[in-house]
Structures are given as C-alpha cells and as structure tokens.
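Visitor: I would like to learn how to read an annotated domain and a chain interface. Where do we begin?

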There are 2 protein chains.
Amino acid sequence: MTTGIRRRMGVEERRQQLIGVALDLFSRRSPDAVSIDEIASAAGISRPLVYHYFPGKLSLYEAALKRASEDLAGRFVEPHEGPLGARLLRVMRRFFDFVDEHGPGFSALMRGGPAVGSSATNALIDSVRQAAYVQILSHLGVQDPPARLELVVRSWISLAESTALIWLDGRRIPRGELEVQLVHDFAALAAVSAAQDEEMGTLLRGMLKDEPDDGPFADLVTRLISLAS
Amino acid sequence: MTTGIRRRMGVEERRQQLIGVALDLFSRRSPDAVSIDEIASAAGISRPLVYHYFPGKLSLYEAALKRASEDLAGRFVEPHEGPLGARLLRVMRRFFDFVDEHGPGFSALMRGGPAVGSSATNALIDSVRQAAYVQILSHLGVQDPPARLELVVRSWISLAESTALIWLDGRRIPRGELEVQLVHDFAALAAVSAAQDEEMGTLLRGMLKDEPDDGPFADLVTRLISLAS
C-alpha cells in the first residue's frame, strides 16, 4: 500500500481472496459475530466493494463453507496401503487438525449457525459426510454395503462429529486420546453389529485380519482384556 | 356438527386442539408439506381462525415441537430398579416407539426442517438431549461426571439419534435389533473409554457389577467371545 502501487485483482482472484479472508475470520470466531465491515477491513477493501462480489454475508459464508468442505473432504483421502487401523488413525489426526483450525466456525455450523436451514449449507454438510462414507467403504473394499454396515459407518461418522464438537467445548480431553478413541469406537461399533449378524461378522474378520500386534485395534483388545480381568 | 349444536372451545383448549392436530399432521408427512389450510380443515375450523390462535405456521410448528419434546423427554424416565442394561433397553423401546410414531416429522426436524435455525427449535432439541443426559447420569448414580464420562454419554446420545434417523430411511433393519444394538453400543463406547482411562474403568466395573447373566450386557460379551473364537 505504501508504495502507492496497488495491483488490481481480477474478479475471480478477488472473490477467492475474500473467501479466504472470511473463512479465516469465521474460523476464529463464531460467524454470527463477524461483520461485513470486518471482512472488508481485513481484505483491505471497502464495504461496498465486498457487496460487489458477494450480494450478502450469507453468500460469502456459503462460499467460505464450500472451500472448508472441500478442504475437509480432501483430508479424508488416504493411500490404500498398510493396516486399516493405522490408516483411520491418520485420517482422524487430519480431521482433528481441521477441527482445531476452524473451531468456532465448526461449532457454530454444526450447532446451528447463521446459515443453517439454508439448503446450500445442509447440502455441503451432507456432501462432506458422504465423502467420508465413500472413503471408508473404499478402504473396506466394499462396493455394495449391506444395511448394517451402512448403519455402522454412517452412525460412526456422526459419532466422530459429536466427539469433535464436545472436545471443542472446553478441550478437557487431549485430542490425541480422542483420535485413538474414535478408531477404537469404529471397531467397537462394528463388533457390536457383528455380534448380532453373521454377514457383519465375516466383514469384521476380514477388516481385522491384517491388523498388526501393535496397531490400534490390537491395542483395544489388549486393553479390554486387562479391563475384564 | 349435524346436531346444529357446536360447543365453543375456550382459547387454551382450542390452542391445545390445534397443536394436537398439527403434531399429528407433522408426524405423518414432512412439516414442509403440511399447509395451514390442511391444519384448519383437520381441526374443523377456518384458516383465519387458525391465525387467530397462532400468528403463522412457524409458531404452530414450534408449539407442536414443544409438545413432542416433552412427550419424548417423558419417555426417558425409568424407575431406578433392576439391572442397568434392562432399564436402558426399555428406554430404547420407548424411544423407537416415539421415532416410529413421528417418523417424517422427526426426520425433517433432525435433517434441517422448516424451523431449523430458529433458536427456539434448537433450544427444544437441546433440552431433549439434556433430559436424556440427566436421566442416564442419574441411573449411573453419578452427580459430577468426569469429562470422559460426559463425552461417552453425550456422544452415545447423538449415536442414538443418528441410528434412529438411518433406520427411518427405509427401515431396512428390524427396530428391535437396533434397540438392543444401542444398549450394546453404550457398553462398547464406555468400554473403549475405560480401556484408556482408569477412572472410567472403575465406573464401568461399577455399572456392570449387577448385570445378570441373561441381560443385554452379558449377551454382548458372550457374542463377542464367540466372534473372536
């Protein structure tokens, strides 16, 4: 600015800059508490110019949420190599990184933020859940999941969401412990379903057959045995 | 009507009648699809008279939701007698009764219905979750729960919600199986947490000490052992 030279940004470049600035603000404080004036000021432009690119705060919020959704869905992608438990644990670490980076915005969104009820917002949340679901099935090597497996995977995804939300509320438990816990929870929910249903039992045995003796699943079994004794 | 005599209802009585009629319609079809005309017709009064009691569909929806919330919270109340697993199973049966009775309305609400984003609606949903949380703690005999127990109970409540929602989407798994599964899930999530934390281990041993050999928790252990062998 002080050089007196200010490069003019193209329309798309400016939109992307505004989305980045807004996402950063929405991540650090509840989106309800962030004003267009603040976004304009952080972007170094005037309030009317923000409205030139986005008709209102909701459209800017939705654009920021879209970028965050794509970011999060990208973090679910994990190479199909090595034991399943270790893969899931790496994904959980990246999930908690995301939750950590976007804490207030994530809480506000999932607890009913400014754009909840907007069908665009709900569709974005569902698209991230679906991305997680598709990734998990692909790692399990299942193309046409039986209803019980779909239930285990989808309900575990909602368990991961609520675990992250509860963690954000005070951060009273170390996140590393919760990352491992969610991997264990997945195995536990699958085991409960497998205990009732033969098809799930076969699937679970397939999932666990390549788990190493020092992996998170073996770790859970060891701990449960010591708990029971 | 044909007698020519029509008793006049008092204001509160009429309001309660309209709430009942609306709740019944909102339970059978998505609330978005129910019109004020339909509610008026089902109540046997004119559309303007509905507006006399409720300024709009949202306020009638919120009143119906309030009644349903109180109904559901009431079903969580269970005598403090007998083994914990059997108590939780009875509550799960009543929970699925409720979900069954209010299927389309429950789905629409939890997936983002007409009044989502309304703070009154969110507060009602949270009050039901809180009622469930308080009941569970009281049955566990815990007054001041450690963070890990709070996490297990609250995240299990969200698991119960998502399990019910997934069940409603096609009803591909018998509800009786899911009622038992949720009791098992509670024990499994508590066991996972207990495997990592000594305080939770002590709590879990206390929870399980009075479980009978033919109760749902013992049933789970038997099934898991047969699965592992």
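Guide: Begin with a caution about annotations: UniProt features may be inferred rather than shown by experiment. This model is predicted.

Visitor: Which residues of chain A does the annotation "domain: HTH tetR-type" cover?

Guide: According to the unreviewed UniProt entry, that domain takes in residues 12–72 of chain A. In the model, 79% of this span is helix and 0% is strand.

Visitor: Now the interface. How many residues of chain B are in contact with chain A?

Guide: Contact here means heavy atoms within 4.5 Å. By that criterion, 41 residues of chain B meet 40 residues of chain A. Between the two chains about 3,600 Å² is buried, and carbon and sulfur atoms account for 63% of that area.

Visitor: How many salt bridges are there between chain B and chain A?

Guide: A salt bridge pairs a side-chain nitrogen of Lys or Arg with a carboxyl oxygen of Asp or Glu within 4 Å. The count between chain B and chain A is four. One of the salt bridges joins Glu177(A) to Arg148(B), at 2.6 Å from N to O.

Visitor: Which helix gives the most to the side of chain B that touches chain A?

Guide: Helices α6 (103–112), α8 (147–168), α9 (175–196), α10 (198–208) and α11 (216–228) of chain B each supply at least two residues to that side. The most come from α9(B), with 14 residues. Sorted by class, this side of chain B has 20 nonpolar, 12 polar and nine charged residues.

Methods: Residues numbered from 1 in each chain as written. Chains lettered and ligands numbered in written order. Predicted model: local features only at pLDDT ≥ 70, side-chain atom pairs only at ≥ 80, totals over all residues. Heavy atoms only, no water. Helix = DSSP H or I, 4+ residues; strand = E, 2+ residues; numbered from the N terminus. Buried area = accessible area lost by both parts, 1.4 Å probe. Nonpolar A, V, L, I, M, F, W, Y, C, P; charged D, E, K, R; others polar.
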